[in-house]
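Here are my notes on this one, as promised. Have a look at the fold first, then read on.

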Amino acid sequence: MANKSLDGVLTKKAHQRERFTEEQIADLAACSNAKTGFEFFAKKFFYIQHPVKGKCLFNPFQYQQRLLHSYHDYRFNINMLPRQSGKTTTAACYLLWFAMFHPDQTILIAAHKYTGAQEIMQRIRYGYELCPDYIRAGVVNYNKGSMEFENGSRIVSATTTGNTGRGMSISLLYCDEFAFVNPGIAQEFWTSISPTLATGGRAIITSTPNSDEDVFATIWRESQNKFDEHGNEQEIGINGFHGFTASWEEHPDRDEKWKQEELGRIGEERFRREYGCEFLVYDETLVNSMILSTLEGKDPVLNMGQTRWYKKLDPNCTYVVALDPAMGTGGDNAAIEVIELPSYEQVAEWKHNTTPIPQQVRIMRDICNHIKDETKSSGSNIYWSVENNTIGESALLVINDFGEDSIAGLFVSEPIRKGHIRKFRKGFNTTHRSKISACSRLKNMIEKNKFKINSKPLISELKSYIASGSSYKAKQGQTDDLVSATLLAMRIISVLKDWDPKIYTSFSQADEDTADKVMPMPIFVSH
C-alpha cells in the first residue's frame, strides 16, 4: 500500500502493489489525460520553493499556463522570456509530468552551465519528493544528475557541449538559457543533436535573448517567419518551431514602479535585454549594443570573386582601400575594406583565410584598378595602404616587387616622429595607442550615425568586438579581421585630412558633433 505520509520518505519504491481510493483514481486519471494532464498536475500536485513564501503549490500564472501549452502542443518550440519569469520552474514541472506519465521516454536537459543543469534537476527532485505516492511513479535510479522511473522513462541533465546527447535516442530535449552557450559550442551541439530528434523526438528551447547572431537568435527568427510558399500564415515557422514569448508586464508582481526601480539598479540597456527581450549584446562592446541592434546590413550589388561590392561607385568621390594581411594558411583572415569619402560609407570588402600574401596584394590591386576604371579617373581619387606589423612586412616586399605604380592610386604611409625629425615608413604600424585612437574614432562616428556600414559580416564582427583589458578584441571563438581593416581605413583617413582640405573638412564634421559647438567669429584682415 502506498505511504500516506511523506515524513522521511523522499522517493517511492519501484514496482510496488498499490491500492487507490476513488478520489485518488480520479486524480490519477486527470493527470494522465493526454491533453490537459500537465495543467492539472501543475495546479494540484507540483510544489515549488518560492524565494519569499517558501514551500507552496506552483499555481502557474496565465502566461505560464500558455507556456505549458506551448511545450505540449508543438513538437518543436522555442521560448524567449524575461529574466525571473519562472521559465525554469515551468519547465521542471512539465518535464517531471512528461516523464512520469509517458513510458519509455528519454528526456535530456542541456544547460549552458553545470550549475544550471543541477538547478533544474533540484527543482524536479523537489517537486517529485513532495508529490503524493499515488500520483508519482516509483524510481529505480535517483541522484543529482539523473532520475530513472519504473515506467522506463528517465531524465538526464548535462552541460551543453559539442558532444552532449550524441548517440542518445532522445524523446524530449530541453535546452536552458541556450542563447548564453558559447556560439561555437552551440552550433556544434545543435548540428550533432538534430539527427537524434529526427525519429520523432521533441525539443524545447528556452532563453533570455543575448546576441542576435547566435544559434538561439537564428532559430527564433525562423520561427517568426510563419508564411508558407503560398503566402498563408501558419502557427509554426519555416523551421518547424513554434515561437513563444511573454512580456514582463504579464507578471502580476511587476508594474511601472517596479520597472523604474529596476532601471535604476541595472540601467536601460540591461533592462531592455533582460526584461524587454531585445537582442542586445551582453558583453561590453566597442560600439554601444543598443546602436548595434539598429544596424542592418544589405546584400551585395556585385560579387567579384570573394570581393563584395555594396553600391555603385561615384566619380566625384574619393576611395580609401585598407588591407590587413594574414599568413593565408587557414588561421586568421586577411581582410580589405573600401570606404567612400566624403560620405563615409562602406562600399566593398574582402576576407579570406587561405589566400597567400602575393594574392592578397593582387586582390587589393584589382580593387583599386576597378575603382579607377568605374570612376574613369586617373587614380587620384584612390588612397590605399597596408598594416606593416610582422606579417605585413611580407606584404610590403610583394608591393615592392609588383611596383607601386601597378596599383592605381596613392600608397599612404603613416608619418613617424622622432624628436623634431619627421620620418616615413611604408604602411601603418599598429600599436596599442594607435589602435585605441582608431577604436575611439570608429565608435564615435558609428554612434553619431556619421559612418554607414553596409556589410552584414562587419556588423556581426562588431557585435562580438568586446573590451579586453585596456583594449578591444573579438570574443573567444569569433573573428575581428574586418574590424581591423576598418580601423586601418580610419587611420588612413586621419592622415589624409592633413593633405586634402576637402577630406579635412568632411572628416572634422564627421568626427565631431559640430551641431553642439559654437563656431568662432570670422577674422577679416585688411591690407
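**Helix pair, then the sheet**

1. In this predicted model, helix H1 (residues 22–32) packs against helix H2 (residues 37–44) at about 125°, with the axes 6 Å apart. That angle makes H1 oblique to H2, since under 35 degrees counts as roughly parallel, over 145 as roughly antiparallel, 65 to 115 as roughly perpendicular and the rest as oblique. Axes are lines fitted to C-alpha atoms, for helices over the stretch in contact, with angles from 0 to 180 degrees between N-to-C directions.

2. Who touches whom? Asp-27, Ala-30 and Cys-31 of H1 meet Gly-37, Phe-40, Phe-41 and Lys-44 of H2 (contact: heavy atoms within 4.5 Å). By class, that is 4 nonpolar, 1 polar and 2 charged residues, with Gly counted as polar.

3. E11 pairs antiparallel with E12 (residues 307–309) over 3 bridges, and Leu-302 has Trp-309 in E12 as its bridge partner.

4. Bookkeeping: numbering starts from 1 along each chain as its sequence is written, and side-chain values use heavy atoms, without hydrogens or water. Local features need pLDDT of at least 70 and side-chain atom pairs 80 or more, while totals for chains, interfaces and linings use all residues.

Conventions: Two strands pair if DSSP finds at least two bridges between them. Helices (H or I, at least four residues) and strands (E, at least two) are DSSP runs, numbered from the N terminus.
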